[in-house]
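Dear colleague,

Please find below the structure that I am handing over to you. My notes on it follow directly after.

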Amino acid sequence: MAKRENGISFDGIIGAMPVFAKELIAGGVAGGVAKSAVAPLERIKILFQSYKGILVNFRGNGASVARIVPYAALHYMAYEEYRRWIIVAYPDVWKGPVLDLVAGSFAGGTAVIFTYPLDLVRTKLAYQVVGSSNLNVKGLIHHEQLYKGIRDCFSMTFKEAGWKGLYRGVAPSLYGIFPYAGLKFYFYEEMKRHVPEEHKKDILVKLTCGSVAGLLGQTFTYPLDVVRRQMQVERMSNASNTKGTLHTLVAIAREQGWKHLFSGLSLNYLKVVPSVAIGFTVYDSMKLFLQVPSRDEAIIEVASSHTNNQTSSLHS
């Protein structure tokens with residue numbers, strides 16, 4: 001490969017990067033590509049969750065992209081890190097598919113905690129209707145434009161309720177992401193284990209495994225996603241304030257019917273299937289491009305480093 005003027009080649013730069021940095025990049029690229037591919041369906045799904053059947057103009061695409069890259073980067077990287085740490089710490093206990101379930105769950109929770117304010121802003125901007133004073137839509141405030149953009153939404157939300165306001169609705173997000181992220185990684189890795197070795201690198205196989213993993217994981221956790229959205233935008237609604245996750249869940253089922261908890265699920269299937277499939281496939285491809293060592297090699301490296309650190313501590 002051609003070298004740059006300073007004598008450092010691309011392979012040299014890649015080789016010098018720590019594994020976690022490569023995984024962050026791979027995860028961020030995977031999330032960005034997957035989100036861009038399904039952005040239109042994501043917008044429609046959000047609208048269906050509270051205002052089904054109303055065609056309005058709304059914003060939030062920029063905030064969606066700004067959120068998904070760091071979220072996906074942290075999600076994939078944290079999964080790999082948790083997986084390695086668990087194996088090194090409990091080599092005789094955590095093996096098999098349960099490992100992916102636990103590591104995926106904690107990785108999802110970690111990513112949500114660090115990026116939730118971006119998700120809140122994305123949702124508020126997505127529900128915001130420009131020029132809604134001309135629309136008599138129940139549940140939407142009748143003002144012109146409440147937020148001017150991502151930064152303005154952050155600022156106004158923080159001024160109104162501080163950090164608590166930026167993390168409104170985080171509880172159902174965590175309740176939903178722990179089982180969803182865990183099941184997603186569990187099903188994906190478990191399906192790949194049953195694929196013949198000669199087909200494991202086939203893109204179609206990875207797309208299929210990712211599609212089924214996302215579909216199954218989302219089915220079990222979708223009602224919590226509806227609750228989360230409703231809690232996030234209650235500031236923009238004329239409805240009475242809700243008090244918590246369970247209260248909101250019961251209120252939706254009682255006032256709007258249990259079917260509303262699955263409002264937009266069919267559209268969500270259309271979004272989740274390609275999104276998770278593309279995400280996993282691009283992530284695996286980026287790991288190969290960035291020369292990320294295999295999981296077994298990475299585990300050996302972490303174990304060796306852990307042993308060396310213990311030896312150094314004893315000598316000191």
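How many aromatic pairs does the structure hold? The structure holds 13 aromatic pairs, where rings of Phe, Tyr and Trp (its six-membered ring) pair if their centres lie within 6.5 Å, and planes under 30 degrees apart count as stacked, over 60 as edge-to-face and the rest as tilted.

Before the details, a word on the source. This is a predicted model, in which local features need pLDDT of at least 70 and side-chain atom pairs count only at pLDDT 80 or more, while totals for chains, interfaces and linings use all residues. Residues are numbered from 1 along each chain as its sequence is written, and side-chain values use heavy atoms, with hydrogens and water left out.

Overall fold

The chain holds 10 helices and zero strands; these elements are DSSP runs numbered from the N terminus (helices: H or I, at least four residues; strands: E, at least two). Of the 316 residues in the chain, 49% are buried, where buried means under 20% relative accessible area, exposed over 50%, and partly exposed in between (1.4 Å probe, protein chains only). Among contacts with a separation of 6 or more, 79% join residues 24 or more positions apart; a contact means heavy atoms within 4.5 Å.

The nonpolar cores

A nonpolar core is a set of buried Ala, Val, Leu, Ile, Met, Phe, Trp, Tyr and Cys residues joined through side-chain atoms within 4.5 Å. The largest one has 37 residues, and Tyr71, Tyr76, Val112, Ile177, Phe280 and Leu290 have the most contacts inside it. Two or more residues come from each of helices H2 (19-50), H3 (61-89), H4 (97-127), H6 (170-193), H7 (203-232) and H9 (265-289). H6 gives the most, with eight residues. A second, separate core has seven residues, including Tyr222, Val226, Met231 and Ile252.

Leaving aside residues up to four places away in sequence, Tyr71 touches Ala111, Val112, Thr115 and Ile177. Over the face of Tyr71 lies Arg67, at 4.7 Å from the ring centre; a charge sits over a ring if NZ of Lys or CZ of Arg is within 6 Å of the ring centre and within 35 degrees of the ring normal.

Tyr79 lies in H3 and Phe185 in H6, so the pair ties together parts that are 106 residues apart in sequence. Both Tyr79 and Phe185 are buried.

Tyr188 and Phe280 form another stacked pair, at 3.8 Å centre to centre with 5° between the planes. Tyr188 belongs to H6 and Phe280 to H9, so this pair ties together parts that are 92 residues apart in sequence. Tyr188 counts as buried because its relative accessibility is 1%, and Phe280 is buried at 2%. Ring pairs link Tyr76, Tyr79, Phe185, Tyr188, Phe280 and Tyr283 into a cluster.

A loop residue

Gln291 has a positive phi of about 60° although it is not a glycine. Gln291 is placed in the loop between H9 and helix H10 (295-315).

Yours sincerely
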